[in-house]
Amino acid sequence: MNSLTTDPADTTLRRLFTEAQAADATLAEDMFEGIESQEAAISRMLEAETQDYRAVAHRVAGNFLAVSPEFGRFLYMCARGCQARTVVEFGTSFGISTIHLAAAVRDNGGGQVIGTELEPSKAERARAHLTEADLADLVDIRVGDALETLREVGGPVDLVLLDGSFTLYRPVLDLLEPHLRPGAFVIGENAFEGTGYLEYVRDPSNGYLSLVLPFGVERGNELSIRTR
């Protein structure tokens with residue numbers, strides 16, 4: 001028995017994945033209409049974020065932008081495997097990934113997931129979903145710019161999920177790095193080249209070992225382990 005595959009979390013997640021699929025079905029088509037390749041679409045998104053990541057976040061305020069069920073289970077397993085008690089999540093959205101991480105923290109014996117979300121309406125819905133999943137007591141969702149909301153996270157941090165504005169992955173990691181314990185997991189979902197993040201975590205001299213995950217490769221999923 002575990003908190004992820006039993007109710008109320010299981011039923012909550014099944015409903016949310018169904019809602020996410022419906023809500024996000026036309027997102028890529030709407031945002032990248034007329035763009036010929038995935039590489040060009042990513043380049044356009046990174047350029048837009050560089051100019052104004054807040055505007056991009058507001059544009060997708062109604063979308064889940066959720067992890068897949070497979071990736072969610074991977075998050076749970078990572079958090080269980082490293083016995084995470086303190087987890088930081090950049091980009092909470094509507095709370096699907098947060099539920100997976102909080103379930104792992106509960107099954108590890110307790111702790112805290114610190115989430116951050118730029119859009120207040122998303123944070124409000126995420127809190128409601130966590131309450132429905134009976135995991136709200138383990139999560140602190142902070143609303144605002146992650147470079148401000150994550151300045152104080154306590155420590156040590158056992159696992160970081162980066163799943164917000166792509167161009168902020170490296171700045172957010174820089175902010176959290178002093179709090180990472182040796183062996184901490186850093187998971188970049190949609191970690192694309194050209195932002196400085198992948199180049200940094202793939203250089204062993206910076207204190208990480210890193211590899212592309214064998215699923216969701218087209219989305220740039222990367223797992224890194226803090227080695228010092």
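Is Ser224 buried or exposed? Ser224 is buried, at a relative accessible area of 0%; buried means under 20%, exposed over 50% and partly exposed in between (1.4 Å probe, protein chains only).

The views show a predicted model, where local features need pLDDT of at least 70, side-chain atom pairs count only at pLDDT 80 or more, and totals for chains, interfaces and linings use all residues. Residues are numbered from 1 along each chain as its sequence is written, and side-chain values use heavy atoms, with hydrogens and water left out.

**View 1. Ser224 in strand β7.** Strands (E, at least two residues) and helices (H or I, at least four) are DSSP runs, numbered from the N terminus. Beyond four places in sequence, Ser224 touches residues including Tyr197, Val201 and Tyr208 (contact: heavy atoms within 4.5 Å).

**View 2. Helix α4, residues 69-81.** Its 13 residues should span 18 Å, taking 1.5 Å times one less than the number of residues. The end C-alpha atoms are 18 Å apart, which agrees. Buried residues of α4 include Phe71, Phe74 and Tyr76. The buried residues pack against α5, β4, β5 and β7. Just after α4, Gln83 takes a positive phi of about 50 degrees.

**View 3. Cys78 and Cys82.** Their sulfurs lie 7.2 Å apart, too far for a bond. A disulfide needs cysteine sulfurs within 2.5 Å; the count is zero. Cys78 is buried at 6%, and Cys82 is buried at 9%.
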